[in-house]
Amino acid sequence: MISTSGNDGSSTISTLFDPGSNRNIDQVNVQNRAAIAEPTLPESVRQTGLTTLARSNSILLVYGFYAENSEYDNIFLSNYVDLYITDAIKRVPGVGDTRLVGERQYAMRLWLDPNALASRGLTATDVSSALTSQNVQVGAGSIGQAPTKANQNSNFPLRINSRLKDVKEFENLVIKAQTDGTLVKLKDVGRAELGAQDYTTSALVQGKTGAGMLIYQLPGSNALDTAKAVEAQIAELEKNFPPGLKAIIVYDTTKFVEVSIEEVVKTLMEAIALVVLVIFIFLQDWRATIIPAIAVPVSLVGALAFAYVLGFSLNTLTMFGLVLATGLVVDDAIIVVEGIAAKMEQGLDRRQAAFEAMGELSGAVIATSLVLMAVFIPVSFFPGATGIMYRQFALIIIFSIGISLFNALSFTPSMSGLFLHHTEGEGRGPLGWFFRQFNRGFSWVLEQYERLTKFLIGVRMFVVGLFILGLAATVFIYMSVPSGFVPDEDQGIIVGLIQAPDGVSLASTEKLTQTVYQTLQKEVPEMAASLVIGGFGLNGNGPNQGTFFFNLKEWKERKGDKHTVKAIVERLNGIFAQNQDAMIFTSNLPAVSGYGVTGGFEFQLQDRTNGQLSIDQFLAIGQQLIAKANKNPALLKVFTQFTASTPQYEINVDRDRLEALDVDFSQAMNTLGAYMGGQYVNDFTFSQRSYRVYIQADQQFRNSPDNIGQINVRSRGGNLVLLNEVVKVTPITGPQTISHFNLFRSIKIQGSAAPGYSSGQAIAAMQQTFKEIDQPGLGYDWTGLSREEAKSGGQTILLFGLGIVAVFLILAAQYENYIDPIIILLTVPFAILGALLFVSVRGLVNDLYCQVALVMLIGLASKNAILIVEFANQSREKGMTIAQAALHAVEQRLRPILMTTIAALCGFLPLVLSSGAGAASRTSLGTAVFGGLLVSVIMSLLLVPVLYVVVKNLTDFGSKDKPLKPPKSPEPTPSGELASLNGKSQGTVVKFQGDAPA
């Protein structure tokens, strides 16, 4: 819970709930608590109103409204938006709330002359009383209203013009009747003006006076649908705009999402094309290519059908799942097709080949698919925001692989039994020439691989030593790669903050907003639209605060590193740092919408001393923390907008003297408040709407502290008493706003990670800096994305551990022993080593997407090892020794392993080479999974046969490496060729003699 209270009398309390909680129950609970507290609030607060809203805490859209040729002032613009646009937007499904900035909502302002009132023996309370008695809404009934006589034939409603309507009628408001019968009217002691209810903010849209509308999303609604509906509504309303009035979008978080999804769809198409191409190159037959290729659309469409049933949305995470699934769902089908083709090369017909191949491969196919699914099952049950990010991604993968497994066990062998056929030769033409060269190259690779595998088995203890060193390297690089949460993206929007010195007026801040706009226009040619607001802050309003938003041109129009959001932010911050009149700072948006408005971290320093520290003492400690943090090389631009040095005046009332003069304290203070701060009295009707009526001293009577003493208050006896007789005005300093976080007084400290450091390192640096301050009674917490990252700090190891356990249990159940699962899982660390090595080389961090890749690599690394171990076990059952079985397995499985791996790598490659909107997330995910799979397949092919021999010899110690059962007769194996669909040799089979390769 975050609360902010300002010295203007306003207070905002934001209550944030855990993801997944019931929104309706949450809202009811908040409203119940607010209803309990409302009776304890001051009467003036209850009169103004207490509002409870359910909305997202981040902005969805920002519109700017301005006059193209400055033909309308800000009062007209603001009220046109309020009258004709605001309500229409609030009715759009998915909109939680709107807020006007630079608002000038109509109000009748009665500007009073305290001296003229005093000369007639009057005060502001008399004007208020006159308004209360003369500006009323009365229901007068009707003539002939029942009950009446039986012969009453008509009824005439009565309407009294009891409310004042316009400036003239308000100026003729009778304040007092003199003893001589003359009347004192408002125009005698002041003036009436149709002005604005609030003058505390101003807005520049495209450099022109205007108004801005901040649109917040309703929790649980779809952001894209809401944004499209709002844009459609604005487009419809624009048809009736007065000439010259323009509306422009200056902030739209959904544009990035739309373009990101388009980029992911493009990546998906590229991945499918590359996967199909790889399959065709390896299988060299269009019939054989079509069968596994069909698995891609079937699996993806089926996964989306499951996603639709579960209520998932088509977002970036689900699309990532589809891209990765593209490289995975063909694996099972490739293995089956390749196995059936091998059987056909041995002389079997298509039908018999399908039966025999499935008898050998079904166990491995089921095991590999279950392993890939198992690693994501624990992920899908994780709570919180991290769990939400993982869940849809994980379930899309699970659904895709599940459907792929079903296809591989049913559709693929059936289609192969019907359509596969043996083709002699590679064919003619350029394609035939390419296939011949490819087959020769593959035969050479297989021959060299056979020699290397035999050599490694011969020096297996040395290989085991290298394996142990590899494990140590994996641990080292895991500890070395910096951690993060979600990579910062170029979302096409930049947010800026303005903080002028304390005590600066809104007029001075407005000059700064003009300077900011001119700088943006000059230095940012990539800018498309802008809104600069004076008097408005993201952490509380004040005359010295300012905020600006501007969006950039389309990503395709600003290619190159110099035109990214990151580059523009760095460029602007360097320019604004030279401004001596204010602190001006720009920032990227948070990587995940809904977690704040600006990027970087948000650190909440809390005073838990129960008020023992004064505001100044608390701020001094905060400034000490900020100064120390800015010296840390991992941190950049650490600052706070909280200050306690705003110039103020404290009014001390001599209560004894006030009572001696027979003046009621409450009445005196109400009079002072009405003159200096204004008093809302009642309402009037204008343009078919009700607006407020305010009384206040005219501007020349409240522009100096000396004016306070010149105010007259009435005693109980009717005499007027000057306040300078009973009050003392003393200049002081104090905070403009005071914030609380979870009920503790707090200071919000913002900053970001320095170049070359990750967000995780920045969080750790702030935590360490806080410990070094070592102030008793203080605590801290995090908000925004930093809170989620801090909470998820220990989840990586837990996720990885659960994935390992899930895979181990699946494999143990499949093989009915613990040895084979251990051999298979020994390759997983090298997948992690490869992933983190590639991530480190590219300057990336171990973020959420990288962690998803690490979990996924458990299954991918295990898949290749399963194929080798499964085939080796089958070979031992046919009478081979351990070494013979290991060598035979890798030689027979090399082609399907390379085929499936290269297909998967090609499916992941478009992610690695991503650019444009959302590229940072795609690059992080793609780099980790590509690097991990590449390294793991190399290590699997080299290490698994060695580890199989070592571990099996240890477990079979004393049995002298006897076959599992003696061979009844030699199984027919291709002695001179490995299978291929075109009948050409792909390599030789090794002959064995005893326990060692011959």
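The model is predicted: local features need pLDDT of at least 70, side-chain atom pairs count only at pLDDT 80 or more, and totals for chains, interfaces and linings use all residues. Residues are numbered from 1 along each chain as its sequence is written, and side-chain values use heavy atoms, with hydrogens and water left out.

Helices (H or I, at least four residues) and strands (E, at least two) are DSSP runs, numbered from the N terminus. Helix α8 covers residues 223-238. The expected span of a helix is 1.5 Å times one less than its number of residues. For the 16 residues of α8 this gives 22 Å, and the end C-alpha atoms are 22 Å apart, so the two values agree. N222 caps the N-terminal end of α8, with a side-chain oxygen 3.0 Å from the backbone nitrogen of L224.

Burial follows relative accessible area: buried is under 20%, exposed is over 50%, and partly exposed is in between (1.4 Å probe, protein chains only). In α8, the buried residues are L224, T226, A227, V230, I234 and L237. They fall within an arc of 165 degrees seen down the axis, so they line one face of the helix. The arc is that of the directions from the helix axis to the C-beta atoms. D225 and K228 are exposed on the other side. An α-helix has 3.6 residues a turn, so residues three or four places apart point the same way.

Strand β28 (residues 778-783) is mostly covered, with 5 of its 6 residues buried. Strand β18 (residues 601-607) runs antiparallel to β28, and 6 bridges join them. Two strands pair if DSSP finds at least two bridges between them. G779 in β28 is the bridge partner of Q606.

N135 sits in the loop between α5 (124-134) and β6 (142-143). Its relative accessibility is 3%, so N135 counts as buried. The side chain of N135 makes a polar contact (a pair of N or O atoms within 3.5 Å; within protein, one must be able to donate a hydrogen and the other to accept it, and residues adjacent in sequence count only if both atoms are side-chain atoms) with the side chain of N682, at 2.9 Å. Contact means heavy atoms within 4.5 Å. Leaving aside neighbours within four places in sequence, the contacts of N135 include F170, D683 and V693.

Most residues other than glycine have a negative phi, and most peptide bonds are trans. K637, in strand β19 (residues 635-639), has a positive phi near 50 degrees. A cis peptide bond joins A146 and P147, with omega about 0 degrees.
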